[in-house]
Amino acid sequence: MAGRRLSGWGWMAGKLVLAAGLVTVAWQMPSSAVPDRSALSRSAGPKPNPVSRPAAAQPSAARPRFLINSALDLDRPLQHGEYAWADDGVPAGGTWIHIDIARQVIRVMRGTSEIGRAIILYGADDKPTPLGTFSITEKDKDHVSNLYHVPMPYMLRLTDDGIAIHGSTVEYGVATHGCIGVPDEFAALLFAEAKLGTPVMITDRRT
C-alpha cells in the first residue's frame with residue numbers, strides 16, 4: 001500500500017561548523033511518495049480498531065517538521081504518523097529492534113547506533129501486544145491478514161498466531177489486534193533493513 005507524504009515547503013539544507021568538527025544538518029519537508037532513507041514524515045495505511053486506554057498526548061494541529069540528518073537526535077519527540085531514519089555513515093553491524101509499549105516507540109538499531117525511530121500502534125486492551133524477545137520468522141511485502149482480511153504491507157512476522165510489525169495508519173486514539181503498526185514508509189525501510197532471524201524485544205515498563 002502506497003504511503004502519503006507531506007508537501008509544501010520543499011528542501012532546505014545547512015551546515016554547522018563546531019569546535020569539535022564538522023556536523024552536517026539537513027532539514028526538509030518531503031514532497032513525494034517515495035520513501036527517503038533520512039526522512040521525518042507522515043504516512044497512510046489501514047485503520048485498526050479503537051483503543052480504550054489513553055495514548056500519548058494529542059499532537060498539535062500545526063508544527064514544524066524537520067530532521068537532523070547526521071543523527072536521530074531530534075529536538076522534539078516524534079508525533080503520531082511521523083518517523084525518522086538516518087543510516088548514512090553508520091558502520092556495519094547486527095540489526096536489532098526494540099519496541100517500547102509504554103512510550104509507544106519503535107527503535108531500529110544497527111550495532112550500537114540507532115538508525116530508525118517511529119511512533120507505533122499496539123494492541124488494544126482486549127488484544128494486547130505480547131511482551132518478550134522474538135525474532136523475525138517471515139517477511140511478506142504484500143501480506144493480507146488471514147483473520148481480518150486487511151492489508152498488512154511490509155509484514156515482519158513475530159509469532160505463529162499472527163503478531164507482526166507492519167505498515168499502518170498511525171493515528172492518535174487507535175490500536176491494533178496485537179500487531180505493531182508503523183507508518184508505511186518506515187515499514188518499507190525496516191523491511192529492507194531487517195532479515196529473517198533479526199531479534200525484536202518488546203517491553204512495557206508499566207507492567
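Student: Which residues is I106 in contact with, leaving aside its neighbours within four places in sequence?
Tutor: This is a predicted model, so everything here is read from computed coordinates. In it, I106 is in contact with I97, H98, I99, G116, R117, A118, I120, I165, V182, F186 and L190.

Student: Okay, and what is the largest nonpolar core like?
Tutor: The largest nonpolar core has 29 residues. I106 is one of those with the most contacts inside it, along with I99, I165, F186 and L190. As a general point, nonpolar side chains tend to be buried together in soluble globular proteins.

Student: Which elements give two or more residues to this core?
Tutor: They are β3, β4, β5, β6, β9 (151-157), β11 (180-183), α1 and β12. The largest share comes from α1, with 6 residues.

Student: What lies apart from that core?
Tutor: Another core of 7 residues does, and L74, L78, V105 and V170 are among them.

Student: Changing topic: how many helices and strands are there in the protein chain?
Tutor: The chain has 1 helix and 12 strands. Along the sequence the pattern reads β-β-β-β-β-β-β-β-β-β-β-α-β.

Student: Let's do the sheets, then. In what order do the 6 strands of the open sheet come?
Tutor: The order is β3-β6-β5-β4-β12-β7, with mixed pairing. From one strand to the next, the twist averages 20 degrees.

Student: Which strands stand at the edges there?
Tutor: β3 (83-85) and β7 (132-135) do. Each has a single partner strand, so one side of each is left without a neighbour in the sheet.

Student: How is β7 joined to its partner, β12?
Tutor: β7 and β12 (residues 199-203) run antiparallel and are joined by 4 bridges.

Student: Is β6 mostly covered or uncovered?
Tutor: Mostly covered: 5 of the 7 residues in β6 are buried.

Student: What about β5 and β6, how do they run?
Tutor: They run antiparallel, joined by 6 bridges. M109 stands opposite E114 in β6. The hairpin of β5 and β6 has 2 residues between the strands, and G111 takes a positive phi near 65 degrees there.

Student: Now the open sheet of 4 strands: what is its order?
Tutor: That one goes β8-β9-β10-β11, again with mixed pairing. Its edge strands are β8 (138-144) and β11, and each of them pairs on one side only. Neighbouring strands are turned by 25 degrees against each other on average, direction ignored.

Student: How do β9 and β10 pair?
Tutor: In the antiparallel sense, over 2 bridges, with β10 covering residues 164-168. The bridge partner of L156 is I165 in β10, and I165 is also one of the residues with the most contacts inside the largest nonpolar core.

Student: Which strands of this sheet does α1 lie across?
Tutor: α1 lies across β8, β9, β10 and β11, running at about 35 degrees to β9.

Student: What is M155 in contact with?
Tutor: Beyond its neighbours within four places in sequence, M155 is in contact with E138, K139, D140, H143, A164, I165, H166 and F191. The C-alpha atoms of M155 and V144 are separated by 8.9 Å, and these two residues are 11 apart along the chain.

Student: Last one: what share of the protein chain is made up of buried residues?
Tutor: Buried residues make up 49% of the 207 residues. The accessible surface of the chain comes to about 10100 Å², and 57% of that belongs to carbon and sulfur atoms.

Student: And of the contacts between residues at least 6 apart in sequence, what share join residues at least 24 apart?
Tutor: That share is 65% in the protein chain.

Key:
Residues numbered from 1 in each chain as written. Predicted model: local features only at pLDDT ≥ 70, side-chain atom pairs only at ≥ 80, totals over all residues. Heavy atoms only, no water. Pairing = 2+ DSSP bridges. Axes fitted to C-alpha atoms, helices over the stretch in contact; angles between N-to-C directions. Buried < 20%, exposed > 50% of the residue type's maximum accessible area, 1.4 Å probe, protein only. Core = buried A, V, L, I, M, F, W, Y, C linked by side-chain atoms within 4.5 Å. Contact = heavy atoms within 4.5 Å. Areas by Shrake-Rupley, 256 points an atom, 1.4 Å probe, with all protein chains shown as cover.
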